[in-house]
Amino acid sequence: MYAIETDQISKTYASGLVALKDVTIQVKQGEVFCLLGQNGAGKSTLINILSTFFKATTGTVKLFGTPLTDQTIMALRSQVGTVSQQISVDTHLSLKENMLFQAALYDIPKEKAGQQLTELIDRFNLTDYLNYPVVSFSGGIKRRLDIALALMSSPKVLFLDEPTVGMDVQSRQAMWQMIQQIKSELMTTIFLTTHYLEEAEQLSDTICIMKDGRIITQDSQSNLKGYVSDQLIEFTFPTPTRAINSFEHFKQHFGKKVTLNARTIRLSKPERDLDYYLNWLLQEAIEVSGINRVSSTLEDVFLRLITEEGAEGDENQGHFKTDH
Ligand SMILES: Nc1ncnc2c1ncn2[C@@H]1O[C@H](COP(=O)(O)OP(=O)(O)OP(=O)(O)O)[C@@H](O)[C@H]1O
């Protein structure tokens, strides 16, 4: 049984905008499932539907095997914890007051609420923040407190919408540690969205990439990386502008096998040795500051899939569930 299973869900907003088209996903129990996509891809819309706050226009959603319907929605909502991009802790109250208030909302008996509070505070080292108004803490701490609050009801699945957006490196690492602990110690299924590929790489078991309301692919990290062959050739330019100016030239010669990122252009599945590419650069009078063989990263996969929607031909069909 999956924690979350959808079958061809679509969402059309009242404005007529189609935000999701035939989205079919499966999230395993206890895993970290990471949803990646550019702005406007439909990530928040999907989270809102899966966390029971929006209704899909068509298609079905099952949470822990139970179809989400008007009859089951309240019971299922109590199994879900949601941390949205807007902080939901009351910043004028202390963490303790927030947690006890949350417990009352979920009808958790006082004694059990006290135990749960102590356990969460100890587990996530939040003692320092327990008794002061939340408003006095930094943005990074507030988000961790928000997650602790969502855990008061012991949800079976936790939705985190861009949990580290705008955080500095230290706060981001503290958040990653908390997410890893929630997975390994509380066994909670975690569904998160992020714009940071490094975050997806650090945390996720399964990665799902969306574009324009559709799922492009859903697979394990290692399978995804295998999609762009193990080795790539990376051309480094003296400046990002020089890379941009040369990119069209590369595309004309190598087609969809090239991706542009800052001041580098990467060529996947190179068929020739480095000398061949060096000669080509000389012939075409393209000046680079370096040329190297490198291993593919999640970023290569993401950029490639987003630009070409995974339409590389039959050779990749074994690796991917494409949905387009
Ligand atoms: N309440 C709404 N009414 C109408 N259109 C909406 C509504 N909410 C979102 N949209 C539109 O639906 C599309 C998907 O938006 P959504 O917020 O789900 O994307 P996202 O991937 O979460 O983006 P971001 O990364 O910027 O948060 C966008 O075109 C957005 O403008």
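Modeller: Here is the sheet, then a pair of helices. This is a predicted model: local features need pLDDT of at least 70 and side-chain atom pairs count only at pLDDT 80 or more, while totals for chains, interfaces and linings use all residues. Residues are numbered from 1 along each chain as its sequence is written.

Colleague: What is the strand order in the open sheet?
Modeller: The order is 7-8-9-4-10-11, six strands with mixed pairing. Strands are DSSP runs of E, at least two residues, and helices are runs of H or I, at least four, numbered from the N terminus. Two strands pair if DSSP finds at least two bridges between them.

Colleague: Which are the edge strands?
Modeller: Strand 7 (80-83) and strand 11 (214-220), each pairing on one side only.

Colleague: And in which sense do strand 4 and strand 10 pair?
Modeller: Parallel, over five bridges, between residues 32-37 and residues 206-211. F33 of the one stands opposite T206 in strand 10.

Colleague: Switching to helices. At what angle do the axes of helix 5 and helix 6 cross?
Modeller: Roughly 15°, and the axes come within 9 Å. Axes are lines fitted to C-alpha atoms, for helices over the stretch in contact, with angles from 0 to 180 degrees between N-to-C directions. So helix 5 is roughly parallel to helix 6 (angles under 35 degrees count as such).

Colleague: Which residues make the contact?
Modeller: G140, R143, R144 and I147 of helix 5 meet S171, A174, M175 and M178 of helix 6. Contact puts C-beta atoms, placed from the backbone, within 7 Å.

Key. Angles under 35 degrees count as roughly parallel, over 145 as roughly antiparallel, 65 to 115 as roughly perpendicular and the rest as oblique. Two residues are in contact if their C-beta atoms, placed from the backbone, lie within 7 Å.
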